[in-house]
Amino acid sequence: MFESLSERLGGVFDRLTKQGALSAEDVKTALREVRVALLEADVSLPVARQFIKAVEGKATGASVTKSVTPGQQVVKIVHDELIAMLSGDGPADALKIDNPPAPILMVGLQGSGKTTTTAKLAKRLKDREGKRVLMASLDTNRPAAMEQLAILGTQIGVDTLPIVKGENAVQIAKRAKQQATFGGYDVYMLDTAGRLHIDEVLMDEVQAVRDVAQPRETLLVVDGLTGQDAVNVATEFDEKVGVSGVVLTRMDGDGRGGAALSMRAVTGKPIRFVGLGEKMDALETFEAERIAGRILGMGDIVALVERAQETLEKEQAERMAKRFQKGLFNMNDMRGQLEQMLKMGGMQGVMGMMPGMAKYAKQAEEAGLNDKTIQHQIALINSMTKQERANPQLLQASRKKRIAAGAGLEVSELNKLLKMHRQMADSMKKMAKMGKGGMLKQAMK
Ligand code: GDP
């Protein structure tokens, strides 16, 4: 999957990574090609635009890490942005299938791979999670589809609800629920009737089934080869029946991959699984990192940049430690600490590790210092001049006003920042004075 997209992107980045220093113009040209590659992969235009904008913003502002070329840095930024785009707000949760018997509603267009995926998922739940699964076909229009599920069930050793002629979908759903309850099943899967396109009558039927079954998960199966259509189908199904996750099938084909890229961005729905073939075990959980890696096919460069960044961070930390040993702590140091905090997701992380700082970490948390206020503080420091950062004593009323306005914040917030800085700087000085063999020095070894 993704061959064509990754080939195209590969070509763009090959040219980039060979160059030593990149100009803003180089980045622009490369990103224009990335945009074409995305559009060719059937990523929707607004999503492609949004993607390019995000990468451009980061590439322009990025400080280039020593020992990697700017081109390599751009590859890493594109890689990270691909992951962000694929995973939306975060990785998809595991399927909600506790509280047996948990109903899973399978929906999608005819031919999307819905029945196959139902069986694949049942097998996966049985083999990997030891669940007892019951499958039921609700496709009363197509007896062949009901038989297909029964055959697959026998093949994978998963029970199917016996076929009773003349029942409608809602009746079958009720019977499945009963049998799952009395039969002690953990999960029952309802394979709804496929449709060739979105069709009111069948949608009403799915809604009725949904109301009876109250599914814990409603998984939409879409053909990954259909690109933007897959995304449109997902949007419609979500509006009509509510979808909790998406399964993209046929990702083993030489598809253009665009559906995967746009799905999360457009529908906001997580991709739960990808189908990678006709065999019953050709179903993988969806992992943004792995997919991003496949799209870009540049794992080496990404790893290289990550290593270089780690080295740089280590150097910065060492430099900072040396300053602290001398009792130096200006606004640049403060900003470094704040940025670390954001990265480590909490006050305790960084400050708690520094002797004497644990106290402030606690105070700061009590004073309501959270990610947002930390970002405000960083904005305030960014709004200072170089001299002011090096020498915060310079800050008198008029400068304070200018800085606060520059960050779009109140002077009172700046005052809080200054107070916190003073306290931290005092502690640094005291600790440095406490002696050469003192606590801090020990801790820095
Ligand atoms: P339904 O009408 O949505 O229930 O579709 P089916 O489950 O009957 O699948 C239609 C065809 O697609 C079958 O031949 C499947 O074997 C095939 N199929 C399903 N999923 C995949 C997949 O991930 N990759 C490939 N290559 N074929 C698939």
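This is a predicted model: local features need pLDDT of at least 70, side-chain atom pairs count only at pLDDT 80 or more; totals for chains, interfaces and linings use all residues.

Author: The helix that gives the most to the shell around the ligand is H5, residues 114–129, which supplies 3 residues. In total, 18 residues surround the ligand. The closest of them are Gly113, Lys114, Thr115, Thr116 and Gly275. By class, the shell is made up of 12 polar, 4 charged and 2 nonpolar residues.

H5 also packs against another helix, H6, which spans residues 143–156. The two axes lie 10 Å apart, and the angle between them is about 25 degrees. Because angles under 35 degrees count as roughly parallel, H5 and H6 are described as roughly parallel to each other. The crossing of H5 past H6 is right-handed. On the side of H5, the contact is formed by Thr115, Thr118, Ala119, Ala122 and Lys123. H6 contributes Ala145, Gln148, Leu149, Leu152, Gly153 and Ile156. Sorted by class, this contact comprises 6 nonpolar, 4 polar and 1 charged residues.

Helix H18 (residues 397–407) and helix H19 (residues 411–433) have axes that come within 9 Å and cross at roughly 105 degrees. Since angles of 65 to 115 degrees count as roughly perpendicular, H18 and H19 are placed in that category. Here the contact involves Lys400, Lys401, Ile403 and Ala404 of H18, together with Val411, Glu413 and Leu414 of H19. It contains 4 nonpolar and 3 charged residues, and no polar ones.

Helix H17, residues 386–390, holds Arg389. This residue has 18 C-beta neighbours inside 10 Å and therefore counts as partly exposed. Leaving aside residues up to four places away in sequence, Arg389 touches Asn330, Met331, Asn332, Ile381 and Met384. Between Arg389 and Met331 the sequence separation is 58 residues, while their C-alpha atoms are 4.7 Å apart.

In the loop between helix H4 (70–87) and strand E1 (102–108) lies Pro101. The peptide bond leading from Pro100 to Pro101 is cis, with omega near -5 degrees. The loop between H4 and E1 also contains Asn99, whose phi is positive, about 55 degrees, although Asn99 is not a glycine. Asn99 has 8 C-beta neighbours inside 10 Å and so counts as exposed. A positive phi is likewise found at Gln214, near 45 degrees, in a residue other than glycine. Gln214 sits in the loop between helix H8 (200–213) and strand E5 (217–223). With 9 other C-beta atoms within 10 Å, Gln214 is exposed.

As for the chain that holds these parts, the protein has 20 helices and 8 strands. Of its 445 residues, 41% count as buried. Among contacts between residues at least 6 apart in sequence, 74% join residues at least 24 apart. The pair Arg389 and Met331, 58 residues apart in sequence, illustrates such a separation.

Notes:
Residues are numbered from 1 along each chain as its sequence is written. Helices (H or I, at least four residues) and strands (E, at least two) are DSSP runs, numbered from the N terminus. A residue is buried if 20 or more other C-beta atoms lie within 10 Å of its own, exposed if 12 or fewer, and partly exposed in between; C-beta atoms are placed from the backbone. Two residues are in contact if their C-beta atoms, placed from the backbone, lie within 7 Å. A residue is near a molecule or strand if its C-beta atom, placed from the backbone, lies within 6 Å of it. Ala, Val, Leu, Ile, Met, Phe, Trp, Tyr, Cys and Pro count as nonpolar, Asp, Glu, Lys and Arg as charged, and the others, Gly among them, as polar. Axes are lines fitted to C-alpha atoms, for helices over the stretch in contact, and angles run from 0 to 180 degrees between N-to-C directions. Angles under 35 degrees count as roughly parallel, over 145 as roughly antiparallel, 65 to 115 as roughly perpendicular and the rest as oblique. A crossing is left-handed if the near helix is turned anticlockwise from the far one by less than a right angle, and right-handed if clockwise.
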